[in-house]
Amino acid sequence: MTISEKIPSRLELVPEFVANITNKVKHLLSEKELFNIRLSLEEALVNAIKHGNKQNPDLYVKVTVEADKDCISMKVVDEGAGYDFKALPNPTAEGNLHKASGRGIFLVQNLMDKVVFFDCGRGIEMIKFLKKGIKEGERENKRREIK
Amino acid sequence: MKISEEKLNDVAICILEGEVNISNSPELRKAFDGIIKRQDKKVLVDFSNVSYIDSSGLATLIEMFQRLKKIGGALRFSNLDQKVKNVFEVTKLHKLFEIFDAREAALKDF
């Protein structure tokens, strides 16, 4: 199954846009996977709109989701200038724990099995291996294969 | 998200229902503004019926934590669903916040 959608850079539209996409794949997911995938997609979109497109409503963010019973891949691509994704601070570091912001991409990196940035940070691909499709031992092999 | 408030002795209890996300975090901030304005210093947020939280929701809670800390107040959370609790654990915010399984335990801790 492939889903391809675009959203204008308006943060208030994000939750409904994400719910519409995840509704189309929820039959493949456990409750926990659905929660984590929804949260990861929302955080990646918010990041793309805020930091990529700088909330310019004339710019769009493209989302492509490919899903089957084994795996779900979500690509989020903005139209901004890109950013240095390697410079993202760790929000769990002692000096950062009290800071209100800076947890979006960290959540994505910790809730998904594999996260790849591309096109100078304009794009992010998030991959999750699904429990229903792959047995626990096989998931680790699959993860190693893709690295 | 639905926000309702109760007062038990000197504790302001903020009961959340539904999802805490980027669309409705400003509403939660507004409710916290009211609590600060009333000079309530002990605040309990009851998450019994919260099914989802994102980083904007976390940011709003951290801001409230800081505001209360400045005036010598305290913030407690109770009744988190496991998936919601996991968001606090992944971000290590369970180390920053006081989180309790039940409302009664949180109230006793003030």
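Me: Which residues touch the most other members of the largest nonpolar core?
Reply: A nonpolar core is a set of buried Ala, Val, Leu, Ile, Met, Phe, Trp, Tyr and Cys residues joined through C-beta atoms within 7 Å. Buried means 20 or more other C-beta atoms within 10 Å of a residue's own; 12 or fewer is exposed, in between is partly exposed, and C-beta atoms are placed from the backbone. The core has 62 residues, and those touching the most other members are Ala44(A), Leu45(A), Val61(A) and Val76(A).

Me: Which element gives the most to this core?
Reply: Elements are DSSP runs numbered from the N terminus: helices (H or I, at least four residues) and strands (E, at least two). The top contribution is 9 residues, from H2(A).

Me: Which pLDDT do local features need?
Reply: Residues are numbered from 1 along each chain as its sequence is written, while chains are lettered from A and ligands numbered from 1 in the order written. The model is predicted: totals for chains, interfaces and linings use all residues, side-chain atom pairs count only at pLDDT 80 or more, and local features need pLDDT of at least 70.

Me: Which residues does Val76(A) touch, not counting residues up to four places away in sequence?
Reply: Contact requires C-beta atoms, placed from the backbone, within 7 Å. With those sequence neighbours left out, Val76(A) touches Ala44(A), Leu45(A), Ala48(A), Val61(A), Val63(A), Gly123(A) and Ile124(A).

Me: How many residues of H2(A) are buried?
Reply: H2(A) runs over residues 31–52 and reaches 30 Å from first C-alpha to last, close to the 32 Å expected at 1.5 Å a residue. The expected span is 1.5 Å times one less than the number of residues. The helix is largely enclosed by the rest of the structure, because the buried count among its 22 residues is 16.

Me: Which strands of chain A stand at the edges of the sheet?
Reply: The open sheet has 5 strands in the order S1-S2-S3-S5-S4 (chain A), with antiparallel pairing. Pairing takes at least two DSSP bridges. Two strands have a single partner each, so one side of each lacks a neighbour in the sheet: S1 (2–8) and S4 (114–118).

Me: What is the bridge partner of Lys62(A)?
Reply: S2 (60–67) and S3 (71–77) of chain A pair in the antiparallel sense over 6 bridges. Lys62(A) has its partner in S3(A), namely Val77(A).

Me: Which element supplies the largest share of the side of chain B that touches chain A?
Reply: Here 17 residues of chain B are in contact with 22 residues of chain A. Helices H2 (55–70) and H3 (82–90) of chain B each supply at least two residues of that side. The largest share is 6 residues, from H2(B).

Me: Which elements of chain A do the buried residues of H2(B) pack against?
Reply: These buried residues include Leu58(B), Leu61(B) and Phe65(B). Within chain B they pack against S2 (11–20), H1 (25–37), S3 (42–53) and S4 (74–78). In chain A they pack against H2 and H3 (104–111).

Me: What separates the C-alpha atoms of Ile13(B) and Asp46(B)?
Reply: Ile13(B) is found in strand S2 of chain B, and is buried, with 20 other C-beta atoms within 10 Å. Leaving aside neighbours within four places in sequence, its contacts include Leu44(B) and Asp46(B). Ile13(B) and Asp46(B) are 33 residues apart along the chain, yet their C-alpha separation is 7.0 Å.

How values were computed: Contact = placed C-beta atoms within 7 Å.
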